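Have the sequence and the 3D view open side by side. We will walk through the fold one part at a time.

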Amino acid sequence: MPAPLSPATVALIKATVPALEAHGLTITKRMYERLFQNAEIRDLFNQSHHGETGSQPKALAQAVLAYARNIDNLGVLGSAVERIAQKHVALNILPEHYPHVADALLGAIGDVLGAAATPEICAAWGEAYWFLAEILIGREAAIYRDLAAKPGGWNGWRDFHVENVVQESETIRSFVLVPVDGAPVLRHEPGQYLGFLFDLPGHGVLKRNYSISCAPNDRAYRITVKREAHPGAPAGIVSNWLHDHARYGTVLRAAPPAGDFFLDRASEAPVVLVSGGVGLTPMLSMLAAIEAEAPGRPTWYVHGALNGRVHAMRGAASAAASGNANIRVRTFYAQPEAQDRQGEHYDEAGLITAGWLVANTPQAEATYYLCGPKPFLASLVNGLRRTGVPDERVRFEFFGPADELAEDDARLAA
């Protein structure tokens, strides 16, 4: 643990909160502009989180603001630090990369705030940045050591080849990956993801994270990927390439499993797995783990899709429920089509709501795991919390930076 921040630094950081509230997003956008002038540093990041949507600058602005607001009570940011460390490990971020971010951030503060960025303010933010950086570097080093030491583990990028491709719906495909070296793989925690490094013609180096959709095992991973509708947009480049070009034998480079969103396998309490669209991927891994390891655990698998054409992996969930009375599957179609038959293909028309979950699952004791688009998550996470489900029993995963779920809540925004 680094030495505590000085009282003067804490006071100066707290004093910058109004400026961050007014200009935080401008500062983080400028920081990334500065940072990405270095092509090697730019290639460390997932560029689909930048550009038009600006989700990463927004998420960072909220995280910086949360850090400033809680600079004298950093214990409340523990979960945010863990999430960042896990993301960094999936991107293979190393200690030598941190000075580049420091220079870009402090330069951006000066560019945006101008004369208000006094030498004292810049020095305080420099001290605060390196205080947090040392925490992250230490945590990331521990994660790297742990990953390398476990059976089947590794650090950095490892070559996998595609063993099988399965069309799961009109828009979703699964890819089974086995290591080229033939050695075992690290058993992931159900809900974790793999980081991937792509070098695509015409696009250069691109990084993406994809959740693992199979049960933990020591032989292979499976990822399940939705083809994005706009192939030329940053978010669609890799998904479309995978759908169009990845086939048996294609080699992909992957980092070890990462992420702090995973099933609590030590508990026997009821669990509710709630997903929207391709957010089902980590839930399928959790469901498979429960089926294999804890078949007596009361489990609800609640999934929402637009209609039957895009509903992926219906058979896997149905098979789990048909063989185990403790597993209950409920499917919602937002816009069922003529060929979609209620009671056979889906159970409910419309959207999953917090009210439905409270009425149909054991709210008083269940842990809710949620994954899906941001509007889906915002509605359900905030809805469950309003009904009195405590934070520790509402766990959720974003496919991307965690911005704008609940802007008035530093715990969720960070």
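Start with helix 12, residues 374–386. This helix lies across strand 7, strand 11 (367–371) and strand 12, and it runs at about 165 degrees to strand 11. Contact here means heavy atoms within 4.5 Å. Axes are lines fitted to C-alpha atoms, for helices over the stretch in contact, and angles run from 0 to 180 degrees between N-to-C directions. Helices (H or I, at least four residues) and strands (E, at least two) are DSSP runs, numbered from the N terminus.

A word on the source. This is a predicted model, in which local features need pLDDT of at least 70, side-chain atom pairs count only at pLDDT 80 or more, and totals for chains, interfaces and linings use all residues. Residues are numbered from 1 along each chain as its sequence is written, and side-chain values use heavy atoms, leaving out hydrogens and water.

Now look at the sheet beside the helix. Strands of a sheet pair through backbone hydrogen bonds, either parallel or antiparallel. Two strands count as paired if DSSP finds at least two bridges between them. Here 6 strands form an open sheet with parallel pairing, in the order 10-9-8-7-11-12. Its edges are strand 10 (348–349) and strand 12 (394–397), each pairing on one side only. Within the sheet, strand 7 (271–276) and strand 8 (299–305) share 6 bridges. Find Val272, and you will see Trp300 of strand 8 opposite.

Val166 stands opposite Ser174 in strand 2. Strand 1 also pairs with strand 6 (251–254), again antiparallel, over 4 bridges. There, Phe160 faces Leu252.

Step back to the whole chain. The domain assignment, automatic or from a database, gives domain 1 (5–147), domain 2 (156–256) and domain 3 (269–411). The centres of domain 1 and domain 3, taken over C-alpha atoms, are 33 Å apart.

Which residues line the second largest cavity? They are Leu20, Gly24, Ile27, Thr28, Val64, Leu105, Ile109 and Trp125. A cavity is a set of points on a 1 Å grid over the protein atoms alone where a 1.4 Å probe fits but cannot get out; lining residues have an atom within 4 Å of a point. Helix 2 (17–35) and helix 6 (98–113) each give two or more residues to this lining. Helix 2 gives the most, with 4.

Notes:
1 Å grid on protein atoms, 1.4 Å probe; cavity = no way out; pocket = protein on both sides within 12 Å on 5 of 7 lines; lining within 4 Å.
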